[in-house]
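Let's walk through a few features of this structure together, one question at a time. Have a look at the sequence and the model first.

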Amino acid sequence: MFLGGTTLIVVTALAVAILYSASLQRRGEELAIEQLRTRGELSANLLARQMYGTWIDVSRLAAIIDPADVAEARRQIQFVSQFQPRYAWLGIADPGGKVIASKDRMLEGQSVADLRWFRHGLGVPTAVDDREPETLGRMLQAASGPDRLIAMSAPLVHDGAPTGVIGAQIDWKWVIESVAALASRDIDLVLLSRESIVLFGPPDLVGKQLTIGSAQAASRGAPVALIERWPDGKDYFTVTFPTVKYADLPSFGWSLLIRQDAVAAMLPTRQLVRSFWFNVAGGVFSILVLLNFAAKWVATPMRRLAQAAETMVKDPFSGMVARETRYDEATRLRDALVRLQSKLMAKVPGPTEDSGSGI
């Protein structure tokens, strides 16, 4: 009874525990992915909103600055630049591309006609993320950090005629600080360019091209969530957001990856599984102890009855079978043995009769 019960309980408990542990593992992975997806959506949206706000500001400036009054235009540009440190450069150019007023008079008198932000900005509000080697990029490199150009522009139109372009060079440090503010201690944000170059992320990856599966998916515009091994040899939960865009903000071609170390992400689940196995082991042990007592409680009357039956076969006059009242089956078996003993005693001569016939 004990061995059979032990086998049944242990096998059943192991099967259920293994299935439940696997279910906990899958659920833990799903929750980790869902947490990253929610965090990534919020981060991508906030970053896009910040860039959108800057783009709207440039468009609004285009509506209030009149290039005909250069002194007033310069004053307005200088005033805005003092309160908006995100602008590494802010200025206006005439339709031919000559800068006529700018922040701190930088590039005034020089031509920006060949720059993409100016060419596109003549027609519509534009945002550009590029590594342009032209004059603007070289002159502003000291102000904006890396030679990455985040330029925004909008056409200047007065009385229905184009009068020039307003352009803004966004300080790359401001962009990086904006992304860094969205990261956390255990969750990394990785900002990728159109060419899958890491613009922001772990220091060992910045400036390098990322070729892992999530980066390739992001370059194809595919949102994915997976566990993959990164160049540092660790496995990470990774969720991709192929576009960083808000409203009608022109796309910079950026994509955002959000990742979390798989070991750290699954630590609460592993602790829960470990606690579950400990509780299962304790529960099984307690059940086996109770089963052992139950087996002994059942077996003790049967053992006494079996011993009485064996003695009865050898000597029907060995004495009455002890009374058993622990459970109904033992009582019935004891009564049956008593009746059987009575029949045997009636058929077999007793010890006194044997002695008399010998005399």
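Q: Are α1 and α8 roughly parallel or roughly antiparallel to each other?
A: This is a predicted model, and in it α1 and α8 pack at an angle of about 165 degrees, with their axes 10 Å apart. Angles over 145 degrees count as roughly antiparallel. The relation of α1 to α8 is therefore roughly antiparallel.

Q: Is the crossing of α1 and α8 left-handed or right-handed, and how many nonpolar residues are in their contact?
A: α1 and α8 cross in the right-handed sense. Sorted by class, their contact holds no charged residues and 7 polar ones, while the number of nonpolar residues is 19.

Q: How are α1 and α5 oriented to each other, roughly parallel or roughly antiparallel?
A: Helix α1 covers residues 2-64 and helix α5 residues 172-180, and their axes come within 10 Å. The two axes cross at roughly 150 degrees. With over 145 degrees as the cut-off, α1 and α5 are therefore roughly antiparallel.

Q: Which residues of α5 meet α1?
A: On the α1 side, the residues involved are Leu47, Gln50, Met51 and Thr54. By class, the contact of α1 with α5 has 5 nonpolar, 3 polar and no charged residues. From α5, the partners are Trp174, Val175, Ser178 and Val179.

Q: Is Gln260 buried or exposed?
A: Gln260 belongs to strand β10, which spans residues 255-261. Its relative accessible area is 5%. Because under 20% counts as buried, Gln260 is buried.

Q: With which side chain does the side chain of Gln260 make a polar contact?
A: Setting aside neighbours within four places in sequence, Gln260 is in contact with several residues, including Gln35, Leu36, Tyr236 and Phe237. Asp186 and Ile187 are also among these contacts. The polar contact between side chains, at 3.5 Å, is with Asp186.

Q: Is Thr300 buried, partly exposed or exposed?
A: Thr300 sits in helix α8, residues 267-314. The relative accessible area of Thr300 is 22%. Buried would need a value under 20% and exposed one over 50%, so Thr300 is partly exposed.

Q: Which backbone oxygen does the side chain of Thr300 reach?
A: Thr300 is in α8, and its side chain reaches a backbone oxygen at 2.7 Å. That oxygen belongs to Lys296.

Q: What separation do the C-alpha atoms of Thr300 and Leu226 have?
A: Thr300 and Leu226 are 74 residues apart along the chain.

Notes
Residues numbered from 1 in each chain as written. Predicted model: local features only at pLDDT ≥ 70, side-chain atom pairs only at ≥ 80, totals over all residues. Heavy atoms only, no water. Axes fitted to C-alpha atoms, helices over the stretch in contact; angles between N-to-C directions. Helix = DSSP H or I, 4+ residues; strand = E, 2+ residues; numbered from the N terminus. Parallel < 35°, antiparallel > 145°, perpendicular 65-115°, else oblique. Contact = heavy atoms within 4.5 Å. Nonpolar A, V, L, I, M, F, W, Y, C, P; charged D, E, K, R; others polar. Buried < 20%, exposed > 50% of the residue type's maximum accessible area, 1.4 Å probe, protein only. Polar contact = N/O pair within 3.5 Å; in protein donor to acceptor, adjacent residues only side chain to side chain. Left-handed = near helix turned anticlockwise from the far one by under 90°.
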